[in-house]
Amino acid sequence: MAHDEQTLTEALTEAFEARVAADAFIEPKDWMPDAYRRTLVRQISQHAHSEIVGMLPEGAWIARAPSLRRKAVLLAKVQDEGGHGLYLYSAAETLGTSRQDMTEALHEGRAKYSTIFNYPTLTWADIGAIGWLVDGAAIMNQVPLQRCSYGPYARAMVRICKEESFHQRQGFEIMTVMAGGTAAQKRMAQDALDRWWWPSLMMFGPPDDQSPNTAQSIRWRIKRESNDELRQKFVDVTVPQAEALGLTVPDPDLRWNAARGSYDFGAIDWAEFAAVVRGEGPVAKERMAARRAAWDEGAWVREAALAHAEKQAARAAERAAA
Ligand code: BYC
């Protein structure tokens, strides 16, 4: 019996790997190795949490945005991030986990979210820098995820990427106005770039030779490019944008390498990255406190929604019995 089971698992694994190699989508009801399922739940739930926690630094500026137009645009962007979180939680739920479990894992420190959201938004220029750099980095990372082997994740990414492009442009437009404004506005734009540049490069994750998950995720076609490849692409597209804005990237080692056709850039402070991943980022405690408070304060809404659903189900059962 054990021998038969092993033969069956081997056959299923072989069929699964052949489908992945042929670039077919794996769908929720298809057989998949447990480790593939676990990796997806880990990555998708971390991604969903990042979108939801990512609403906080920008949400803090909705009431302080400098005009009605800026308020409306920022409000729409923050709502989009909430939507992204919901598509991603739904994609993860198709793998047999629940949103409640994922949320509890975040609140208990068992699940991660992007390091980038543990830095504070100090001025209005930070909202421009987040759209330009953070959403820019997110697009670079997420465009290949549209071709991820897991169908529900890939499809969620298609819609998310469309919205992220709009977010990136609104950020770049804020930076254009600030960098072309008064001397004080230009200083704010430069200061925002100085503070967000290195954390944006860290968003792509540890260097490839220190990334425990990359090799297997690329074999499974979950990740299509490595952390370092995507980071390099981001630097290559973003440096000319900074030049167009008349701003200086805060890296004395940054220079064009004609032989590689890419920019060489300075060393990233991986000790800072590790500390932020451990939950020691500048505003990490505030972020988690805000998420826990939102969850607790929303308990009555979840109870009311569940009670309503139960009542509807009971009524439907009564009608069916009559
Ligand atoms: N922050 O082996 P590795 C947005 C963890 S939100 C924290 O390379 P993997 C937006 C990693 O999880 C954008 N942790 O891992 C929203 C792993 O730990 P675990 C969010 C990080 O998974 C609002 C360990 O380090 N985007 O767009 O192969 C406003 C070793 O790493 C980070 C996504 O989440 C980090 N930066 O690759 C504006 C994209 N980096 O899990 C914008 C989806 C690494 O083993 N995620 N770690 O305990 C991914 O593409 C991949 O998960 C990563 C990491 C590239 C991030």
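1. Helices here are DSSP runs of H or I with at least four residues, numbered from the N terminus. On that basis, H2 gives the most to the shell around the ligand, contributing six residues. The model is a predicted one.

2. The ligand is surrounded by 35 residues, and the closest are Gln46, Lys112, Ser211, Lys223 and Asn227. By class, the shell holds 12 nonpolar, 14 polar and nine charged residues.

3. On its own the ligand has 1000 Å² of accessible area, and the protein covers 92% of it.

4. Two or more shell residues come from each of helix H2 (34-53), helix H4 (68-93), helix H6 (124-142), helix H7 (151-179) and helix H11 (270-280).

5. The disulfide count is zero. Cysteine 148 is in no disulfide, and the nearest cysteine sulfur, in cysteine 161, is 12 Å away. What keeps cysteine 161 from bonding to cysteine 148? The sulfur of cysteine 161 is 12 Å from that of cysteine 148, its closest cysteine sulfur, and therefore too far for a bond; the cut-off for a disulfide is 2.5 Å between sulfur atoms.

6. Are these cysteines buried or exposed? Cysteine 148 counts as buried because its relative accessibility is 0%. Cysteine 161 is also buried, with a relative accessible area of 6%; the cut-off for buried is under 20%.

Key. Residues are numbered from 1 along each chain as its sequence is written. This is a predicted model: local features need pLDDT of at least 70, side-chain atom pairs count only at pLDDT 80 or more; totals for chains, interfaces and linings use all residues. Side-chain values use heavy atoms; hydrogens and water are left out. A residue is near a molecule or strand if one of its heavy atoms lies within 4 Å of it. Accessible areas come from the Shrake-Rupley method with a 1.4 Å probe; for residues, only the protein chains shown count as cover. Ala, Val, Leu, Ile, Met, Phe, Trp, Tyr, Cys and Pro count as nonpolar, Asp, Glu, Lys and Arg as charged, and the others, Gly among them, as polar. Buried means under 20% relative accessible area, exposed over 50%, partly exposed in between (1.4 Å probe, protein chains only).
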